[in-house]
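Subject: Structure handover

Hello,

Notes on what was found in it follow.

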Amino acid sequence: MRRLALAVLLAPLLTSPDVAVARPQPVGVRPAEAEPAPARAAVTLGGVRVRLRSGTRQVVTVNRRGGHHARVSFWVPRGETWRRVLTAADGRIGYGGLVAPHRRRQGTGTTPLGTYGLISAFGMHEERERWQLRYREVRRGDYWVQDNRSAFYNRYRNKRQGGFRWWLPASDANSSERLLDYRRQYEWSIVMDFNWDQVRRRGSGIFLHVNGSGATAGCVSAPRGFIRRLMFRLDPERVPVIAVGR
């Protein structure tokens, strides 16, 4: 797959925390059973309803187990079935629980229910040749914009570019997220397209990223080994999605 040029990486998507070859499974990640995968717009995988997009051949499911804990699994089709090829029991959701996407509000610590695209990634490492998602290495001054007055709400942006109030303190409802403050969680972070149409106060910066010490602030997280493997597997040509259920 041809690499995208740097100019594309700086487009609006990024101005807003291995299937072919068998590899050892990390601790907490194991292969599991297959489930039927008829050709239809929605399927249920691991107890989670998934709304498939045209061309979707990769699915991540998030099944809440209780409190902020969830089972996070990665599925791919094998003939007439969907096969779960990775799963992690120690996934996390927001401290505020789950909520319907249209009812979500910024700052509530809730994770939106539903199916979303996995559209790009960012993190603390240099880009790897085998990663196929659009990727940006986090640099000094990089933020995820949560300023409701900004045209760049819910976008990746550097403070040198301006257009948002990056100087607001964390206590302010419009403060943006300085990405280098989350080196552990955002070692690798995969962007979900929740609220990509920028509805103000609905929420900004919902990612699939590496586990921190506890619940997230609304994202989905999973063990480091699980996220690392996803970085090598996710392929935009297979239209990957993530489905969050109860």
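Leu208 is part of strand 15. In sequence Leu208 and Val60 are 148 residues apart, while their C-alpha atoms are 9.8 Å apart in space. Please keep in mind throughout that this is a predicted model.

Overall make-up

The protein has 246 residues, of which 55% count as buried. Its secondary structure consists of two helices and 17 strands. The exposed surface comes to about 11,600 Å², and carbon and sulfur atoms supply 49% of that area.

Strands

Strand 2 (residues 42-45) and strand 3 (residues 48-51) run antiparallel and are joined by four bridges. Within this pairing, Leu45 stands opposite Val48 of strand 3. The two strands make a hairpin with two residues between them. Gly46, in the turn, has a positive phi of about 60 degrees.

Another part to look at is an open sheet of three strands, in the order 12-11-13, with antiparallel pairing. Its edge strands are strand 12 (156-158) and strand 13 (177-178), each of which pairs on one side only. Strand 11 (residues 142-144) is joined to strand 12 by three bridges. Tyr143 stands opposite Arg157 in strand 12.

Nonpolar cores

The largest nonpolar core has 35 residues, and the members that touch the most others are Phe74, Ile190 and Phe226. Helix 2 gives the largest share of this core, five residues. Another core, of 11 residues, lies apart from it; among its members are Ile119, Phe122, Phe207 and Cys219.

Aromatic pairs

There are 14 aromatic pairs in the structure. In one of them, the rings of Phe122 and Tyr186 have centres 5.4 Å apart and planes at 80 degrees, so the pair is edge-to-face. Phe122 is in strand 9 (residues 114-123) and Tyr186 is in the loop between strand 13 and strand 14, so that this pair links parts of the chain 64 residues apart. Phe122 and Tyr186 are both buried.

Phe122 also pairs with Phe207: the ring centres are 5.1 Å apart and the planes are at 85 degrees, so this pair too is edge-to-face. Here the link runs from strand 9 to strand 15, across 85 residues of sequence. Phe207 is buried, as is Phe122. Ring pairs join Phe122, Trp144, Tyr156, Tyr182, Tyr186, Trp196 and Phe207 into a cluster.

Salt bridges

Side chains of opposite charge can pair when their charged atoms come close. How many salt bridges does a search of the whole structure find? The search finds eight.

One of them brings together the side chains of Arg53 and Asp193, at 3.0 Å from N to O. Arg53 lies in the loop between strand 3 and strand 4 (59-66), and Asp193 in the loop between strand 14 and strand 15, so the pair ties together parts that are 140 residues apart in sequence. Arg53 counts as partly exposed, at 34% relative accessibility. Asp193 is buried, with a relative accessible area of 17%.

Arg238 forms a salt bridge with Asp235, with the closest N and O atoms 3.9 Å apart. Arg238 counts as partly exposed at 38% relative accessibility, whereas Asp235 counts as buried at 9%. A salt bridge also joins Glu137 and Arg139, where the closest N and O atoms are 3.2 Å apart.

Two loop residues

Asn195 sits in the loop between strand 14 (188-192) and strand 15 (207-210). Why does Asn195 count as buried? Its relative accessible area is 6%, and buried means under 20%. Neighbours within four places in sequence aside, Asn195 is in contact with Tyr153, Asn154, Arg202 and Gly203.

Glu237 is in the loop between helix 2 (224-233) and strand 17 (241-245). At 60% relative accessibility, Glu237 counts as exposed. The C-alpha atoms of Glu237 and Gln58 are separated by 9.7 Å, and the two residues are 179 apart along the chain.

Regards

Note on methods:
Residues are numbered from 1 along each chain as its sequence is written. This is a predicted model: local features need pLDDT of at least 70, side-chain atom pairs count only at pLDDT 80 or more; totals for chains, interfaces and linings use all residues. Side-chain values use heavy atoms; hydrogens and water are left out. Buried means under 20% relative accessible area, exposed over 50%, partly exposed in between (1.4 Å probe, protein chains only). A nonpolar core is a set of buried Ala, Val, Leu, Ile, Met, Phe, Trp, Tyr and Cys residues joined through side-chain atoms within 4.5 Å. Contact means heavy atoms within 4.5 Å. Accessible areas come from the Shrake-Rupley method with a 1.4 Å probe; for residues, only the protein chains shown count as cover. Two strands pair if DSSP finds at least two bridges between them. A salt bridge is a side-chain nitrogen of Lys or Arg within 4 Å of a carboxyl oxygen of Asp or Glu. Rings of Phe, Tyr and Trp (its six-membered ring) pair if their centres lie within 6.5 Å; planes under 30 degrees apart count as stacked, over 60 as edge-to-face and the rest as tilted.
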